[in-house]
Amino acid sequence: MPINTDFLVLFEFVFFSILFALGAYFVSFILRCKSKNKDLNSTYECGLDVSGNSKIKFQPAFFAYALVFLVFEAECALMFPFAYAARALELYSIVEIMVFILILILSLLFSIKSNLLDLNQRKN
């Protein structure tokens, strides 16, 4: 029974991926720093002792700002293929990207209206 060549290519890809990952792990194990200095194993390598409480008040506005940034970054990355192939697209594709841009503008207006982008605002 002959082996399907598609599965053989997939098997080779998985095999060499695992082999590369294990090889990188063993090379990093061999080349790592083998110093027994206890300061290098501490939380901060600068030699300062850890002091204070690690539970600080985190302003949720930073988290919301980061989420808005990620959404717009991903959507901008999705528009690059459109810009590359804009001349060869039909009317349906152009209408579709215009709806996509309209959704982007509406989400930006919502973010501005709900003060998600204002980091100076204090919320308690």
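Tutor: The buried residues of H2 are Ala-61, Ala-64, Val-68, Phe-72 and Glu-75; buried means under 20% relative accessible area, exposed over 50%, and partly exposed in between, with a 1.4 Å probe and protein chains only. This is a predicted model, in which local features need pLDDT of at least 70 and side-chain atom pairs count only at pLDDT 80 or more, while totals for chains, interfaces and linings use all residues. Residues are numbered from 1 along each chain as its sequence is written, and side-chain values use heavy atoms, with hydrogens and water left out.

Student: What covers the buried residues of H2?

Tutor: The cover includes H3, where contact means heavy atoms within 4.5 Å. In turn, what covers the buried residues of H3 includes H2. Those buried residues of H3 are Ile-97, Leu-104 and Ser-111.

Student: Is Ser-111 buried or exposed?

Tutor: Ser-111 counts as buried because its relative accessibility is 5%. Its place is in helix H3, residues 91-113. Leaving aside neighbours within four places in sequence, Ser-111 is in contact with Val-68, Leu-116 and Leu-117. Val-68 is itself one of the buried residues of H2.

Student: How many helices and strands does the protein chain have?

Tutor: Helices (H or I, at least four residues) and strands (E, at least two) are DSSP runs, numbered from the N terminus. Here the protein chain has 3 helices and 0 strands, and its pattern along the sequence is α-α-α.

Student: How is the span of a helix read?

Tutor: The expected span is 1.5 Å times one less than the number of residues. Helix H2, residues 60-84, has 25 residues and reaches 37 Å from its first C-alpha to its last, close to the 36 Å expected. For H3, the 23 residues should span 33 Å, and the end C-alpha atoms are 33 Å apart, which agrees. After H3 comes Asn-115, whose phi is positive, near 60 degrees.

Student: How many aromatic pairs are there?

Tutor: Rings of Phe, Tyr and Trp (its six-membered ring) pair if their centres lie within 6.5 Å; planes under 30 degrees apart count as stacked, over 60 as edge-to-face and the rest as tilted. By this rule there are 3 aromatic pairs. Phe-11 and Phe-15 form a stacked one, at 6.3 Å centre to centre with 20 degrees between the planes. Both lie in helix H1, 4 residues apart, about one turn of the helix. An α-helix has 3.6 residues a turn, so residues three or four places apart point the same way. Phe-11 is exposed, with a relative accessible area of 55%, whereas Phe-15 is partly exposed at 44%. Tyr-25 and Phe-26 form an edge-to-face pair, 5.5 Å centre to centre and 65 degrees between the planes. Ring pairs also link Phe-11, Phe-15 and Phe-16 into a cluster.

Student: Where is Phe-26 found?

Tutor: Phe-26 is in helix H1, residues 5-31, and is partly exposed, with a relative accessible area of 48%.

Student: What share of the protein chain is buried?

Tutor: Buried residues make up 7% of its 124 residues.
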